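Let's take a walk through a protein structure, one piece at a time. Keep the 3D view open and follow along as we go.

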Amino acid sequence: MLPLSIKDDEYKPAKFNLLLKLSGWFRSILADKTSRNLFFFLCLNLSFAFVELTYGIWSNSLGLISDSFHMFFDCTALLAGLAASVISRWRSNDSFSYGYVRAEVLAGFVNGLFLIFTAFFIFSEGVERALEPPDVHHERLLPVSVAGLLVNLVGIFVFQHGGHGHSHGDGGHGHSHSLFNGTLSHGHGGHGGHGHSHDGHGHSHDKHGDHGHSHGGHGHGHGHGGHEDCHNELQRPGEGSSKQILQGVLLHIIADTLGSIGVIISALLMQKYDLMIADPICSMLIALLIGVSVVPLLKESIGILMQRTPPTLDNALPECYQRVQQLQGVYNLQEPHFWTLCTDVYIGTLKLLVAPDADTRWILSQTHNIFTQVGVRQLYVQIDTAAM
Amino acid sequence: MEDKYSSNVLSGGKLGMVEVPDSRLTRYIVLLILSKILKALGIFESYDILKVVHIVQFIFILKFGSAVILLVFQKPFSSGKVISKRQWIKLVKHAVSSCVISLLGFFGLTLCGPLRTLLLFEHSDVVVVALLGVLFTNSGGGPSKTRGAAFFIIAVICLLLFDNDQLMAKMGDHHPEGHHDSALTHFLYTAISLLGVADHKGGVVLLVVSLCLKVGFHTASRKLSVELGGAKRLYALDSLLSAAVMLPWAAVLTATTESKVDSWSSLAVPFAMIIFSVVILEFYVEAVCSAKMEAPRCARYGAFALFPAALALANFWTGPLRRPPPTQLATEHVLSGGVIVSAVFFVMASSILTAPSKKGQKGTLVGYSPEGTPLYNFMGDALQHTSQSLPRFIKDSLKQILEEYDSRQIFYFLCLNLAFTFVELFYGVWTNSLGLISDGFHMLFDCSALVLGLFAALMTRWKATRIFSYGFGRVEILSGFINGLFLMVIAFFVFVESVSRLLDPPNINTDMLTPVSVGGLLVNLVGICAFSHAHSHAHGGKSCSSQDHGHSHHGHSHGEHGHAHGGHGHSHGGHGHAHSHGSGSRGMNANMRGVFLHVLADTLGSVGVIISTILIRQFGWLIADPICSLFIATLIFLSVIPLLKDACEVLLLRTPPEQEKDLNSALEKIEKIEGVLSYRDPHFWRHSANVIAGTIHLQVMSDVVEQRIIQQVTAILKDAGVNNLSVQVEKEAYFQHMSGLSTGFQDVLAMTRQMASMKYPNDGTLIL
């Protein structure tokens, strides 16, 4: 056996070369579809924000400046997603023995949190304004919000398109499967977001539908057991592009889109009918929608971060325990821990108490086999022999 | 069988009630419901009759009629034991008290109207006994009963306070010159007016009191009924005697007052019906039903039938024998919202109070003890998941909070903060100052961070469950992370705000700022002291130097610059400390750090506000405010970064940095163990502050004892700080087998899936 740890004698830390590093990042960003999309959209967003900022400074309009800062804040979500999608492809090293795949979950979580913050702020603002509606200068509101809407729509299209292209690339048969699985769930969501971006109400429904779909899709894959499905599942961690990042980013974009739509609608209402109350009501509704649609994402990512037993395995695990315990020579099964590393990668550890004369080798491989069938990727089985 | 025994073991020590399936009891239930509806009808009728007939006469007729019928049916004199003299005396006492209770009840009826009377007075004994048990004893039967009692009380209060019945007010107006028919009613009226409540409310109180009396009376009469040989016999005798007791009074009344009744004959039918429905039928049906079903169930169905029936009747009742008095419209007792709400509450209360106690539902019968008592096995789940009532939950969690140092600290500070906030809010509302109010809301928002920290500190101590198999220790880190993010967002917004102010400095009203911000500063300083103390506590060993730290910290809080540096340096210092000791304690946990940073940021904010206020006042530098905020935002940002970084590392499952060196040397040691060829996939990660989990695969030679190696490895890694380890030992052959397997992992997975779908006996014989 070769020693597996690398001695760092021959490894000299390379001189910090910003250019090299930047180009490296750039390349790794462009290497993957998801991160490329994210990157382009980020660029678009940033440029829009800069244009807004410069125009605001030039025309000395405070509203535009603050709006551009808001855009910058939005960009952080994209940035987080982008960073996560790059980071999650880093190799594992001594310190990060599992690699950085969890970054995607973290990014989704952060995005969800930011959205909750935003929703909260909008809501409180809406309440404040509902109590005493200020007179909004709606003459300049409209163009800015329409432009923001356009940018966000582009974003939604990009993600939707990217998703579809990806799914087609995966191969003819894989189409239906991969459509449901992981990567494409965002494409689906994007579609929903787009379709619904014209009326805000249906949005949350669709989010729910989307969520249900991804789960349903999972069941599908398991039941039919197509090859493509497995391939997909196996290659994903390497490729990055996870559900969490995209779900988070997409939610964010949809939230922004909804926001612009709300602003446009309320601006129109105010212009046409002088309904001053429309603005706070719209913003409160939007805040509620955002809040509701973020909850599933947050719940899922918190579950993963807290090493919860994967919900998809909830039903399968007891049966597996039963089967392991029925193996010949196994007395008992202790300390079963199962958790999600990142999307669809499950890791488990358990301890088996076996009879002194049991065939541990056989038990070990049987156990591995049993748990591999339900989708546990890495399994650590410690076999303790019972005292005589 | 099992179900039967598992239902109600713990409550009261006796074997639980047996819930017979509904289908067998349908007859009785229908009968019960019918009798209850008839009773409601009867009560409504008697209300109408009571408008014209005096209450004493009414009760006399009622008792007399029922006595006649019961004498015919029960034949109490010819059957059963001979009644002794002492029992006769008891019977007379019994009859007198039953008369008093009926009087009170029907008087309440005249006051409150039939609907409210039905709601208040017609509760089964079981309900009231359960209610009183909850209220006056400790062993009330668990949180659900408490909830039921609360519902009941709410319902009564609803009737008392939110039931605005115009008629009752009117009656209150006209009763002094109205029908003071007898000394008794007069006395009652005076008593009620002495209580200082309106008439109908007095009626409610009266009814509640008489309800309690009734229940006490029923309980007391149980012994007598046993002595006399049956409740029915007692009832018959009691009616007879009560009629006898009432006779003189009724006779005197009839003689002295002129009757309002036109013709007694026209009242015969309603009286008969009332006697039949209210007195006779209900008694028999209840007797039968409680023989067939258990009493609580009986009471439950009774309540379900009676209250809706009463509500419906109150809506639709147009008495068939209503005299049309001129003031009819005014004297109608209307349905009010309060009544409906209280009816709903009454139904819920009685259904909860009569529900069988859920405790011990999950216990399973394991067998019988030698003495023949059944033995039950209670799973951990069953004991954990009893329903929680809110007060008890609060009490429990308070106890838990105060148990541990961290959470106690947070809790006290939260209280302080909240108190300050509320004072500010009240003062703001009082003086109508918008600035104070908005600042108060801002404080409230800040409190959310504290609440989060508190919650996390509590949750960390939860036991591991099946789903969260590593326990909830991670909540702490997540909470720290969220708090850090929160601060980042706030810093960002402050930054943006100050940039926009820098461009366009607004005119700030500085009058009010100073006292408020000084107050906030003081509160936050207290918080910092408390938490930095916690910090020193966490350090434990080196309390002396930490104390120094804390002090310098404190001293610096007057100059924001030094202060911030103090804070920053502090957190780093704590870090370095942990490094040098390397004993697994990472100074403060992430949660506390997050809370601490939050408080620190607030302090910085108030300091900034004070300084800028002073600058603006003294020198008129309006620009000072945005610059201060810019500075503060940057400081917050910088101080949060280490926390965020640490939390991220933990969440990304990094090998704990403090243990890294130990772990590496441990791994080297492992390789040197005799018989170990090599290891593979060593993963070590910190799950929470005091749990480090690890997994490792070992390849060993085929001729060594696995157990010995596992023990050695476990010991070595335990020394390195890993306390949740699983070691998978692989003999060489197995390793080759598995490595072959993992190269073709996808194929294997696909194969096994295919196999499962093709319904092979999937016991996994494929691999061997």
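This is a predicted model: local features need pLDDT of at least 70, side-chain atom pairs count only at pLDDT 80 or more; totals for chains, interfaces and linings use all residues.

Let's begin with two helices in chain B. When two helices pack, we describe them by the angle between their axes and the distance between those axes. For helix H5 (residues 114-121) of chain B and helix H13 (residues 295-316) of chain B, the angle is about 170 degrees and the axes are 9 Å apart. Angles over 145 degrees count as roughly antiparallel, and H5(B) and H13(B) are therefore roughly antiparallel to each other. Which residues of H5(B) and H13(B) meet? From H5(B) come B:Leu115, B:Leu118 and B:Leu119, and they meet B:Leu306, B:Phe307, B:Ala310, B:Leu311 and B:Ala314 of H13(B). Sort this contact by class and you get eight nonpolar residues, no polar ones and no charged ones.

Now hop over to chain A and find strand S2 (residues 345-354). It pairs with S3(A) in the parallel sense, over nine bridges. To spot one of these pairings, look for A:Leu352, whose bridge partner in S3(A) is A:Ile383. Is S3(A) largely enclosed or largely open? Seven of its ten residues are buried, so the rest of the structure largely encloses this strand.

Back in chain B, there is an open sheet of three strands, in the order S3-S4-S5, with mixed pairing. Strand S3 (676-688) and strand S5 (724-731) of chain B are at the edges with a single partner strand each, so each has one side without a neighbour in the sheet. On average, neighbouring strands here are turned by 10 degrees against each other, if you ignore direction. Strand S4 (residues 691-700) of chain B runs parallel to S5(B), and eight bridges join the two. In one pairing, B:Ile696 has B:Val727 of S5(B) as its bridge partner.

Helices pack on this sheet too. Helix H25 (residues 660-672) of chain B touches S3 and S4 of chain B, and its direction makes about 155 degrees with that of S3(B). Helix H26 (residues 706-719) of chain B lies across S3, S4 and S5 of chain B, at about 145 degrees to S5(B).

Last stop: B:Val53, in the loop between helix H2 (22-50) and helix H3 (55-74) of chain B. Is B:Val53 buried or exposed? Its relative accessible area is 3%, so B:Val53 is buried. Along the sequence B:Val53 and B:Trp264 are 211 residues apart, yet in space they are 9.8 Å apart, C-alpha to C-alpha.

Key:
Residues are numbered from 1 along each chain as its sequence is written. Chains are lettered from A and ligands numbered from 1 in the order in which they are written. Side-chain values use heavy atoms; hydrogens and water are left out. Axes are lines fitted to C-alpha atoms, for helices over the stretch in contact, and angles run from 0 to 180 degrees between N-to-C directions. Helices (H or I, at least four residues) and strands (E, at least two) are DSSP runs, numbered from the N terminus. Angles under 35 degrees count as roughly parallel, over 145 as roughly antiparallel, 65 to 115 as roughly perpendicular and the rest as oblique. Contact means heavy atoms within 4.5 Å. Ala, Val, Leu, Ile, Met, Phe, Trp, Tyr, Cys and Pro count as nonpolar, Asp, Glu, Lys and Arg as charged, and the others, Gly among them, as polar. Buried means under 20% relative accessible area, exposed over 50%, partly exposed in between (1.4 Å probe, protein chains only). Two strands pair if DSSP finds at least two bridges between them.
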